[in-house]
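Let's take a friendly walk through the charged and aromatic side-chain contacts of this protein. Have the structure open as you read.

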Amino acid sequence: MRTILITGSGGTGRTTLAAATALKAAGAGTRTLLLSADRADTLGAALGTRTGAEPVEAAPGLTAWRPDATERFREDLAAFQDRATTALDLLGAARLDAEELTPLPGAGELALLRALRDAATSQTYDLLVVDLPPTPEALALLALPEELRRYLRRLLPAERQAARALRPVLGRLAGVPMPAEWLYETAARWDAELAAVEAVVGDRATTVRVVAEPGPAGTDAVRTAVTGFALRGLRVETLLANRVLPAATPDAWLGALAAQQHKALDEWRETYTVHETAHLGRDPRGADDLGALPVPGVNETPTPVEWPVLDHLADDGVLVWHIPLPGAIREELDLIRRGDELVLTVGQFRRIVPLPSALRRCGVDGAALREGELRIRFAPDPDLWPRAR
């Protein structure tokens, strides 16, 4: 199954273009699921069909779905209370009834990630189009599975489960109860679910489209989005320039706006793959309006992002890790080696990535940002690197 992630700044029309993309694919005979994270039914307004917690057929071959965080949150918390009954009783805690539960911040994002995982494993669809939140929230959402898995591995490492038979003895020796079996089982289940989401997002066929209105603000938002997705190992395949006015506009005020738009478009084409969507003169509503939007079709041969490690040992005595970071600025770049991990900060974004196995036996020898690519040099540690006989 192919996945297209669509995002952009608020108010740029990303939901409309996501709906148009899904409708075009379905019209070509592709079984398509359109997922949205919006709490309000802006997706339904664009499609002309009400959408909600249950998947609904919006057009032949097109299913639309806005997952409901409330019900799933209630189910998860109720299950947690059932498993933690003993601990809650010891603490004298009163159980919460389902009727008084309301979703906590972040529940909506988790609901969307679960829906994405369920759609990918259902084998019901050929294409998944995801209407993500605005770009900063979208990047935080996509980072969530990796970060949560890392927290689980640190707090409840899998290797500690090997000592499950010794836990009663260790508990008596330490004088404190050891983690219960169900806690490890729950952590393992969460890890498997998060890994499934990571697999969908990190799939080589997953692509990103960013929606923006041409102009100075749009230019800044696009650069930030491209860099943020690059740090996640995702390439922005297409920049969807939305609500583009005709170049020849008789009205003076609209003419100035059109000139600004086309100046920005000329600059964007030097760096990005740009696809223009003309302004219809109204908010698109229903299948006819969406069909009039010339969105690009599905790229059957997407170019995956590679972070290669190149061998320069013979010439310079180093290995060089190449990390594409288009749009990154040297002054906003920082990296720290922490054990077998690299803490990489680019502007407002940060990611902790494991080092490739060969680089774990090396020390950082320097780094440089060139042509939108971070190149980190690693020198082999003589005490760890295999010696030639």
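## Salt bridges and an aromatic pair

Searching the whole structure turns up 19 salt bridges. Please keep in mind that this is a predicted model.

| Salt bridge | Closest N and O atoms |
|---|---|
| Arg 66 with Asp 41 | 3.3 Å |
| Glu 146 with Arg 351 | 2.8 Å |
| Glu 373 with Arg 375 | 2.9 Å |

Start with Arg 66 and Asp 41, whose salt bridge ties together distant parts of the chain, 25 residues apart. Arg 66 sits in the loop between β4 (62–65) and α3 (69–83), while Asp 41 belongs to the loop between β2 (32–36) and α2 (42–47). Arg 66 counts as buried because its relative accessible area is 12%, under the 20% cut-off. Asp 41, at 22%, is partly exposed.

The salt bridge of Glu 146 with Arg 351 also links distant parts of the chain: helix α6 (residues 135–155) holds Glu 146 and strand β13 (residues 349–354) holds Arg 351, 205 residues apart. Glu 146 is buried at 16% relative accessibility, and Arg 351 is buried at 14%.

As for Glu 373 and its partner Arg 375, Arg 375 is partly exposed, with 23% relative accessibility. Elsewhere, a network of salt bridges links Arg 14, Asp 38 and Asp 131.

Now to the aromatic rings, where the search of the whole structure gives 1 pair. Trp 321 is buried, at 3% relative accessible area.

How values were computed
Residues are numbered from 1 along each chain as its sequence is written. This is a predicted model: local features need pLDDT of at least 70, side-chain atom pairs count only at pLDDT 80 or more; totals for chains, interfaces and linings use all residues. Side-chain values use heavy atoms; hydrogens and water are left out. Rings of Phe, Tyr and Trp (its six-membered ring) pair if their centres lie within 6.5 Å; planes under 30 degrees apart count as stacked, over 60 as edge-to-face and the rest as tilted. Buried means under 20% relative accessible area, exposed over 50%, partly exposed in between (1.4 Å probe, protein chains only). A salt bridge is a side-chain nitrogen of Lys or Arg within 4 Å of a carboxyl oxygen of Asp or Glu. Helices (H or I, at least four residues) and strands (E, at least two) are DSSP runs, numbered from the N terminus.
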